[in-house]
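Please open the model in your viewer, with the sequence panel beside it, and follow the selections in the order given below.

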Amino acid sequence: MKSIEETSLLYEISQSLNQHMDMKKSLFKVLSVLSESLNLVRGIIFLTNTETGEIRIEIAHGISEDKTKQIKYLPGEGIIGQVIQTGKPAVVPRISEEPLFLDKTHSRNLAQGQEYSFICVPIKKESRVVGAISADRPYEGKRSLENGEKLLTVVATMVAHHVINIETIRVEKEQLKTENLRLKSELENKYSFSNIIGNSNKMREVLQMISQVSSSSATVLIRGESGTGKELVANSIHYNSERNHNPFIKINCAAIPENLIESELFGHEKGAFTGASSTKKGKFEIANTGTIFLDEIGNMDLGAQVKLLRVLQEKEFERVGGYKPIKADVRIVAATNSNLEEMVQQGKFRDDLYFRLNVFPIYIPSLRMRKTDIILLADHFLEKYKKEHSKEIKRITTPAIDMMMEYHWPGNVRELENCLERAVILCNEGAIHSYHLPATLQTGTKSKTLPLSLEDAVASLEKEILMDALKNTGGNINRAAKLINITVRKFSYKAARYNINYKDYR
């Protein structure tokens, strides 16, 4: 090939490499240019799997994808395997005379008498071979093969960056896929029934209800006080259902302003309101085929309740400012610590929505209703936080357990968890003691500060008043009695009863 033609070809290849954002399309274009300029019958770019060492066909020109996608070579196998193993080019003048030529693609009809030459050169990143590029062309003599090898070596250098990027992206995709599967597996394990801790009769009932409802697509309403673990139950319902590989979207209705909740749930069209500079998908659209968890549903605005009712009934909604109905296959799990029945009577919650949500209610008992679970939960949180804070704590002492058992836990499981984390941070010993627990857990029994009886309380106050009167009068009984509006005789009697000597105040 003349130098001007060669320069023109290399320029065209350079343009082809930058023509497409898709690197595979760019490489296929390079093979197309080579085919037209060098009279190639077929061209192939091979890539080496950096993890397994296997060689696969990444891009092929002149061969169908069906023939190439399953073909693999090992390092050293055939001409291609040797080129990648040694890092040296290979030229086969006549394919029919080369026993190492494997023709795994079965794309060459060698029986028709036409002789083909084969050129294969390595693609390198510095000294490491990352792949190879090969070409078939009709046999035209030795000089033509030498020129073809030189040109293909230059092209291999030009395409090396694209080839390396393709392999890097493949590795990253595999890693992301593996990580995604690992995280999903972790989530499923984290929210399996066995991770809802509780052995009390009430918690057994809850677990049985979760097990029954998870396999269905029924709407669930989780009731219970704040801190009882309503979100954990919602997680368990989703990750133990058939929708567990689909989206799970959580929304705290109490945390979203009333004027934004419709947009957050159902999305909005561009220009629907001031600041809506672009179309936005709502949570229901994102959660399609999955589950949406509406926490604190009792705080939802009445206007949004109407739209939510339509989603439950018709399985469709419109974005704010839009008119096109959008279908949504979404399972709804709602949770509240409010008295919805009372809110319905007061007109603060729609009765039709209440009945739609209340298909399968699950009531989570407060911690004071399941005190037999306190020790199990405390041990669980101790294990969790001693690992997190790198502490060598082996147990919780009996006085500390007794203190926890006697406390009424208004903050429920969340409060217990916070108490144990605090205790683990404070503890520098082998066991959690009662003094590691917050002062709020100190009861009158344990701290020996039980309230006085009424009689004792009155006596204590009476004694304090007598002493204070004597202090103010310098021990003068007459003036002291007058100060607190009683007779001297009564003052003397009470002072003697409480063993108060007026001389001590002179």
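Is Cys 427 buried or exposed? Select Cys 427: this residue is buried, with a relative accessible area of 0%, where buried means under 20% relative accessible area, exposed over 50% and partly exposed in between (1.4 Å probe, protein chains only). The structure holds 0 disulfides, a disulfide being a pair of cysteine sulfur atoms within 2.5 Å.

This is a predicted model, in which local features need pLDDT of at least 70 and side-chain atom pairs count only at pLDDT 80 or more, while totals for chains, interfaces and linings use all residues. Residues are numbered from 1 along each chain as its sequence is written, and side-chain values use heavy atoms, with hydrogens and water left out.

Next, colour the protein chain by secondary structure to show 19 helices and 17 strands, which are DSSP runs numbered from the N terminus (helices H or I, at least four residues; strands E, at least two). Of the 506 residues in this chain, 44% are buried.

Now turn to the largest pocket, whose volume is about 860 Å³, and select Gly 229, Leu 232, Phe 381, Val 413 and Glu 417, which lie nearest its centre among the 30 lining residues. Then show α7 (230-239), α13 (374-388) and α15 (412-426), the elements that give two or more residues to the lining of the largest pocket; α7 provides the largest share, 5 residues.

A pocket here is an open set of points on a 1 Å grid over the protein atoms alone, where a 1.4 Å probe fits, with protein on both sides within 12 Å along at least five of seven lines, and lining residues have an atom within 4 Å of a point; grid points are joined across faces, edges and corners, and the volume is the space filled by probe spheres set on them.
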